[in-house]
Amino acid sequence: MSSAVAPESEYPATRLGVSPMKFGVWLFLASEMMFFTGMLGSYIVLRFAQPQVFHEEAMKLNWALAALNTVILISSSLTMAFAVKKTAENKQPEAAKFLLFTFLLGGLFLVFKSVEYGMKIEHGILPKTNLFFAAYYTLTGCHALHIIGGLIPILNEWRWARQGKLTAEGAELMGLYWHFVDLVWIFLFPLLYLL
Amino acid sequence: MELLTTMVVVIGLSFGAVIGAAVGICLLCIGFGTPYDPKAPVKKWFEPSPEDAAQTGPNYVLIFGTLLLMTVITVALSRVNLGATGNTVLAVLVAAFKASLVALFFMHLKYEKRLMFALILIPAFFFAALFFGLLPDLVTNHYNPEKNERPGFGVGLDTVK
């Protein structure tokens, strides 16, 4: 059932030495890293201004649900890594399966995240309540937007993989973005919920 | 007057940092890139050589298990009380270790050319600087922004009206 794989992208042997698309994605990830660094850095600054208050406010968050979310996201990173590997081995149907798992796990993360938001909002805790929750909603909200932004291309790549048209490079670049999103959550989880 | 000087210094340093980063990226491309050879055959992004074919790649499940274990350790370490600074630094260090696992193995950084690695070190440096550079000032200066207190002044004595 494996169909012909689209040709790999070619690039002239320039001074760069690596695929320009991969270099471009890494540059994009570097800028996203700075985006989250700015917000996370200011969260740390605000936390150290009033550590006791932030600690008490953080205790209101449900860390167990967030730990479950962490496990879900790390699992989605694992399935994404397998999808990339299967695409490189030219096994498109299995790659499609793993891409679907990644998409579903990412969606599950969003489900639990909205459950968490609902639990806070029905108690009247909004971004304007205090500084900690302003930071919390901003950080997790921007991260959730990045997840939504990643799920749509993953769905697209799943569609291509089912048609046998997914390139190994396309899968790898998607994997880079998705692992970066997981990486950001790995930093967010202890700094927001556990400190 | 000090405010103006501070602003000039900060803006100058930021410009310098940005230009330095740009120059740094250029130097890294020149240093670690391969020279341009117009007669070289057009390369595919992934050329499996005999060594590559023999390489099976990282053991993803092992890395996944390690990440889960580190998550458990993160939660366990948060139960130990080392003070605000200690707990934060420890949490960031553990998170950085987990992040390095994801970056090196899942994102294949370990198997990439050195240029990629160097490209990530620059934002990583800024990340560390933004996190830890401001800590020494703030750890000694407790102020409550919601009570209109400002850092660096006597807390409670000098508030913004």
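Of the 195 residues in chain A, 44% are buried, a residue being buried if 20 or more other C-beta atoms, placed from the backbone, lie within 10 Å of its own. The structure is a predicted model, in which local features need pLDDT of at least 70, side-chain atom pairs count only at pLDDT 80 or more, and totals for chains, interfaces and linings use all residues. Residues are numbered from 1 along each chain as its sequence is written, while chains are lettered from A and ligands numbered from 1 in the order in which they are written.

**Make-up of chain A**
- Chain A has six helices and one strand, where helices (H or I, at least four residues) and strands (E, at least two) are DSSP runs numbered from the N terminus.
- Read from the N terminus on, the elements of chain A follow the order β-α-α-α-α-α-α.
- The C-alpha atoms of chain A fill a box of roughly 60 × 40 × 20 Å along the principal axes.

**Two packed helices**
- In chain A, helix α3 (residues 63–88) and helix α4 (residues 92–121) pack at an angle of about 165°, with their axes 8 Å apart, the axes being lines fitted to C-alpha atoms over the stretch in contact and the angles running from 0 to 180 degrees between N-to-C directions.
- α3(A) and α4(A) are therefore roughly antiparallel to each other, a term for angles over 145 degrees.

**Confidence**
- Chain B averages a pLDDT of 76, and 70% of its residues score at least 70; pLDDT is the predictor's confidence in each residue, from 0 to 100.
- Within chain B, confidence is lowest in helix α2 (residues 50–54), at a mean of 47, and highest in helix α3 (residues 60–79), at 92.
- Where pLDDT is low, the predicted coordinates should not be read in detail.

Notes. Angles under 35 degrees count as roughly parallel, over 145 as roughly antiparallel, 65 to 115 as roughly perpendicular and the rest as oblique. A residue is buried if 20 or more other C-beta atoms lie within 10 Å of its own, exposed if 12 or fewer, and partly exposed in between; C-beta atoms are placed from the backbone.
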